[in-house]
Amino acid sequence: TGFSFDATQVQKLELELEVDRYFLCEALLRAPPKLAASTASSGLGASTMQRTPGGGGLTSPSRGGRGQKKAAPDSLNVVGAYYMCDFGFIALGQSARKRLEIHNCCNELVTMTIDKKLLKENGFLLEPENVKPLSSGKSTVLNITATKPKEEPEGVQELEWDLPVRGGPIYKVQLKADFVLPDVILSHETIDFGKILVGQKKRVTVEFKNDKMVPVEWTYIEPKDRYGKPVDAAFSLTPSSGVLMPKEKRFVVASFTPKLAQQYTGSLQLKLRDNPQRKQMQVFGRGEVLRLEVRPGTNFDLGPVMPNSGGHSLPFSLWNPTDYAIEVYSVDFDTKYLEEEKVLTEYDGYAAGLTEMPIRFVGDGTWKKV
């Protein structure tokens, strides 16, 4: 608690240097005598790579190497340390960058040979392009970027990168990036809303799940006409966009609001960022209307009527050919209807001329909210 940030960083660097020195000594003890003697006479120690603040992904050396590759010219065939630089999970088409700091802890000028072509062929880019020799006690920063086109297949991209020091040991850095194609799993691929009355709306809850290890950003593609203007579609999705974190689930609502008495067929299409393939749900529904039939007809001739007489009357019947119960009233003489119409004109809960209320059944009065 008594150390400042800079002091803590110095302690970490000294610890890294000591680990590298110890590991290099063990490697030299296992090396052939001539190689160990030539290394000792050169006076070269080990440079070290360390994690920088905010960089992450670069771990301390380990003893479990992956085998040695052919050393670069003027380099000793001795591995000074092993490091792991893990970029984690990356969405295809995106890139991630790690910051590597290299410190020269020996008394000689250190020159590194970097095979940038090999890095590029394996999907890793290095900045700066030219690495200058390091004086004793000096440091330099390398920025490594992992990238992969979105057209390529997903999977692990890995390279054992040899960083040879001229006249000194080889440092092995394991570069690893796991590229993932963002995707969404839909609980429904087909939704049949069935029969819905015109003027009513039916909703179906759909679960979106992100089973990948990268966030996925999705957007509902609203249908448009030939001129690119939004159309008043019978099907909709709410909310129309969102972001799902890895392993996250979220519920969205698909709605069907028929405008006419007809069959409706469509699709709800989703656009996923960094995924060229669209997701879609096939949707079906049928709009129906309430109707009555007056029998025997809609025209009645009552004939002449004398004043002060009992008048004439003709019977008629109403027949409901639909599958729904219908409440019949007179728009001219039903006082409750007239009162309700007046209340609805004074209601202030409309949005763009519309409002949503629970479905009323036969015998229900005016909505309490109104």
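In this predicted model, Glu 127 has Asn 143 of strand S5 as its bridge partner. Strand S4, which covers residues 124–127, pairs with S5 in the antiparallel sense over four bridges.

- Strand S3 (residues 95–103) and strand S5 (residues 139–147) run antiparallel, and nine bridges join them.

**The open sheet**

- Five strands, in the order S9-S16-S15-S11-S13, form an open sheet in which the pairing is mixed.
- Strand S9 (190–197) and strand S13 (241–244) stand at the edges and have a single partner strand each, so one side of each is left without a neighbour in the sheet.
- On average, and with direction ignored, neighbouring strands of this sheet are turned by 25° against each other.
- Inside the sheet, strand S15 (residues 263–272) pairs with strand S16 (residues 279–288) in the antiparallel sense, over eight bridges, and the partner of Gly 266 in S16 is Val 283.

**Aromatic rings**

- Eight aromatic pairs are found when the whole structure is searched.
- The rings of Phe 87 and Phe 124 have centres 5.9 Å apart and planes at 35°, so this pair counts as tilted.
- Because Phe 87 lies in strand S2 (residues 79–91) and Phe 124 in strand S4, the pair ties together parts that are 37 residues apart in sequence, and both Phe 87 and Phe 124 are buried.
- The rings of Phe 193 and Phe 235 also make a tilted pair, because their centres are 5.8 Å apart and their planes stand at 40°.
- This pair links distant parts of the chain, with Phe 193 in strand S9 and Phe 235 in strand S12 (residues 235–238), 42 residues apart.
- Phe 193 and Phe 235 are both buried, and together with Phe 256 and Tyr 264 they form one aromatic cluster.

**A nonpolar surface patch**

- Leu 292, Val 294, Phe 300, Leu 302, Leu 314, Phe 316, Leu 318 and Val 328 make a nonpolar surface patch of about 670 Å².
- Leu 292, one of these residues, is placed in the loop between S16 and strand S17 (293–295).
- Leu 292 counts as partly exposed because its relative accessibility is 35%, and partly exposed residues fall between the buried limit of under 20% and the exposed limit of over 50%.

Methods. Residues are numbered from 1 along each chain as its sequence is written. This is a predicted model: local features need pLDDT of at least 70, side-chain atom pairs count only at pLDDT 80 or more; totals for chains, interfaces and linings use all residues. Side-chain values use heavy atoms; hydrogens and water are left out. Two strands pair if DSSP finds at least two bridges between them. Helices (H or I, at least four residues) and strands (E, at least two) are DSSP runs, numbered from the N terminus. Axes are lines fitted to C-alpha atoms, for helices over the stretch in contact, and angles run from 0 to 180 degrees between N-to-C directions. Patches are made of residues with over 30% relative accessible area and no salt bridge: like charges are joined within 9 Å, nonpolar side chains (Val, Leu, Ile, Met, Phe, Trp, Tyr) within 5 Å. Accessible areas come from the Shrake-Rupley method with a 1.4 Å probe; for residues, only the protein chains shown count as cover. A salt bridge is a side-chain nitrogen of Lys or Arg within 4 Å of a carboxyl oxygen of Asp or Glu. Buried means under 20% relative accessible area, exposed over 50%, partly exposed in between (1.4 Å probe, protein chains only). Rings of Phe, Tyr and Trp (its six-membered ring) pair if their centres lie within 6.5 Å; planes under 30 degrees apart count as stacked, over 60 as edge-to-face and the rest as tilted.
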